[in-house]
Amino acid sequence: MEKVYIHKVKTARYPKAPFSPSKVYPELQKMQISADTGTENEIYDSIRLLLYKMGFDSENFGSDNWNPFGGLIKKGGKVLLKPNLVFHKHPMGVRAMPSMITNASVLRPLIDYILLATEGEVDIKIGDAPVQGGDFREACRLSGITALKQYYHKQGVCVELIDLRMVRAIPNKMDILSKRIYQRDKKQYRIVDLKERSELIDKIDRVKRFEITDYGIGAVSKHHSSKKNEYFIPREVLDADLFINLPKLKTHRKAGITCAMKNLVGINGDKTCLAHHTRGTIRNGGDEFDKGSLKMRCKVRIWTYLKTTQAGIGLASMIKWFFQHFVWGGQTMKKYNMLHKPAEFSEGSWYGNDTIWRCVKDLNKIILYADRRGKMQQIRQRTYLCFVDAILAGEGEGPMEQTTKPFGVILSGDNPVYIDYAASRLMKYDYRKIPCICRGFENRWWKLTNTKPENIEIESDRPLSEIAEYFVPAYGWQDRLSQEGVIGKE
């Protein structure tokens with residue numbers, strides 16, 4: 001379908017666990033799902049309505065025979081739900097977490113309808129690969145996913161939660177990554193090699209300068225060359241018959257926005273496969289800095305070097321402690337950076353980043369075209385659906401220091417590029433200024449799109465002009481995504 005579906009709720013808030021429907025729907029009676037009629041669950045109602053609008057068994061909608069996932073997943077099938085569980089804490093505290101991570105109330109109706117379609121004979125997994133130092137269990141707890149798993153356990157249904165990272169980093173008291181531990185075996189991954197058909201191939205002459213924050217020089221380049229461009233994809237992802245992408249709508253320092261496409265970074269198990277930026281300035285072929293003054297380059301290089309040894313980590317921790325107590329007024333580095341726009345940008349955290357979108361696009365090709373063995377095929381290998389949690393969205397210094405934006409919207413569709421295009425219009429951004437989106441329409445080797453942006457139909461219960469709100473961009477994108485961004489035709 002060349003459509004994106006949007007539903008606006010009346011109140012931008014999440015229901016309490018276990019996120020039961022507030023009405024007794026006829027199709028769910030056979031599953032003996034009880035409704036919580038004492039509270040309103042607009043999220044459940046919205047997902048149900050979106051499934052109908054997407055055309056899933058629409059002729060039976062409203063009857064006890066309605067089975068939206070009946071044609072998508074069979075008994076004995078495998079489903080993987082991919083929320084955004086990027087990190088487990090926010091500089092502004094727990095109250096800001098709902099706008100950072102996907103809420104479990106979005107997962108609840110989808111799992112119910114999967115169970116309906118398979119009569120419970122299905123393998124359901126919920127998985128993500130947070131940032132290196134993220135606490136997966138705590139993120140699951142804060143999102144409500146842990147409570148949801150416990151609810152299903154009491155119903156005799158097994159829902160497995162999986163941290164998809166091969167390596168997890170352990171931060172010290174000053175939040176500096178002090179050590180890394182292997183938590184999953186390499187045998188639990190398939191290496192998907194796009195070879196010369198990776199989007200990185202156009203910058204492969206600078207491969208030695210590909211970097212990801214908190215990893216040393218050369219960590220990324222060992223996975224990329226003119227003949228090899230590989231990603232480590234968990235078997236659970238590639239084995240899925242149905243993959244459901246459940247992103248959180250937020251602004252993003254490096255990519256402009258994070259939605260359907262960017263959320264796929266979390267299906268890669270080895271962070272060193274991800275080129276987040278290219279070291280250096282625009283003048284020398286890099287995109288790490290927007291200006292790259294000598295002072296900024298020295299500061300970044302020294303700070304990076306300190307974190308490569310245990311002695312350096314100790315010194316870096318002391319420096320950070322000193323600044324926190326005597327320079328930043330008791331604020332953490334993240335909180336200070338969230339509230340103060342820097343004079344220069346580093347780590348590719350600005351609109352000139354010409355690297356990260358390439359990995360993002362690679363991973364979106366992989367989820368659609370890589371088979372269970374990790375070999376790329378010419379036809380799609382699994383069913384893909386996307387439901388975007390934009391009930392409490394994020395603006396400003398996303399994805400982890402975002403400011404909460406009550407938005408009250410859920411988007412759905414089956415194409416990640418179309419979803420992100422629609423999201424950019426809702427945020428009042430010009431999609432042509434966001435590489436992750438505009439480059440998604442450029443089909444090379446494996447097609448992500450079948451039409452031009454102007455042909456995408458956005459079906460909404462209200463006019464887009466009434467729903468759209470300007471999202472304050474991350475600091476490094478404010479000159480690029482000004483409030484004069486376009487919504488486009490309706």
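Student: Is Phe-322 buried, partly exposed or exposed, and at what relative accessibility?

Tutor: Phe-322 counts as partly exposed, at 44% relative accessibility. Keep in mind that this is a predicted model.

Start with the neighbour. Phe-323 has a relative accessible area of 32%, so Phe-323 is partly exposed as well. The two rings form a pair. Their centres lie 6.0 Å apart and their planes meet at 80°. An angle over 60 degrees counts as edge-to-face, so Phe-322 and Phe-323 are an edge-to-face pair. The structure holds 19 aromatic pairs.

Now take another of these pairs. The ring centres of Tyr-421 and Phe-441 are 6.2 Å apart, with planes at 90°, so this pair is edge-to-face too. It links distant parts of the chain. Tyr-421 belongs to helix α10 (residues 416–426). Phe-441 lies in the loop between α11 (435–438) and β16 (457–460).

Tyr-25, Tyr-44, Tyr-52, Phe-61, Trp-66 and Tyr-113 make up one aromatic cluster. Arg-197 lies over the face of Trp-446, 5.7 Å from the ring centre. Lys-405 places its charged end over the ring of Phe-471, at 5.2 Å from the centre.

Tyr-44 is among the contacts of Asp-112, along with Met-31, Ile-33 and Tyr-152, leaving aside residues up to four places away in sequence. Asp-112 sits in helix α2 (residues 104–118). Its relative accessible area is 1%, so Asp-112 is buried. What does its side chain meet? Asp-112 forms a salt bridge with Arg-108, at 2.9 Å from N to O. Both residues lie in helix α2, 4 residues apart, about one turn of the helix. Arg-108 has 0% relative accessibility, and therefore counts as buried. The cut-off for buried is under 20%.

That is one bridge. The structure holds 36 salt bridges. Next, look at Glu-236 and Arg-184. Their side chains meet in a salt bridge at 3.0 Å, N to O. Glu-236 is in helix α5 (residues 235–238), while Arg-184 is in the loop between β6 (177–182) and β7 (189–193). The pair therefore ties together parts that are 52 residues apart in sequence. Glu-236 and Arg-184 are both buried.

Compare the setting of Arg-206 and Asp-205. Their side chains also meet in a salt bridge, at 3.4 Å from N to O. Arg-206 has a relative accessible area of 23%, so Arg-206 is partly exposed. Asp-205 reaches 62%, so Asp-205 is exposed. Salt bridges can also share partners. One network joined in this way holds Glu-199, Asp-202, Asp-354, Arg-358, Lys-361, Lys-365 and Arg-444.

The largest nonpolar core has 83 residues. Those with the most contacts inside it are Tyr-231, Ile-233, Leu-249, Leu-363, Ile-366, Phe-407 and Leu-411. Helix α9 (residues 356–369) gives the most to this core, with 9 residues. Take Ile-366 as an example. Not counting residues up to four places away in sequence, Ile-366 touches Val-192, Leu-194, Tyr-231, Ile-233, Met-376 and Arg-382. A second, separate core has 56 residues, including Val-9, Tyr-25, Met-97 and Val-159.

Last, the cysteines. The structure holds 0 disulfides. A disulfide needs the sulfur atoms within 2.5 Å. Seen from Cys-438, the closest cysteine sulfur is the one in Cys-436, again at 8.9 Å and too far for a bond. Cys-436 has a relative accessible area of 5%, so Cys-436 is buried.

Conventions: Residues numbered from 1 in each chain as written. Predicted model: local features only at pLDDT ≥ 70, side-chain atom pairs only at ≥ 80, totals over all residues. Heavy atoms only, no water. Helix = DSSP H or I, 4+ residues; strand = E, 2+ residues; numbered from the N terminus. Buried < 20%, exposed > 50% of the residue type's maximum accessible area, 1.4 Å probe, protein only. Contact = heavy atoms within 4.5 Å. Phe/Tyr/Trp six-rings, centres within 6.5 Å; stacked < 30°, edge-to-face > 60°. Lys NZ or Arg CZ within 6 Å of the ring centre and 35° of its normal. Salt bridge = Lys/Arg side-chain N within 4 Å of Asp/Glu carboxyl O. Core = buried A, V, L, I, M, F, W, Y, C linked by side-chain atoms within 4.5 Å.
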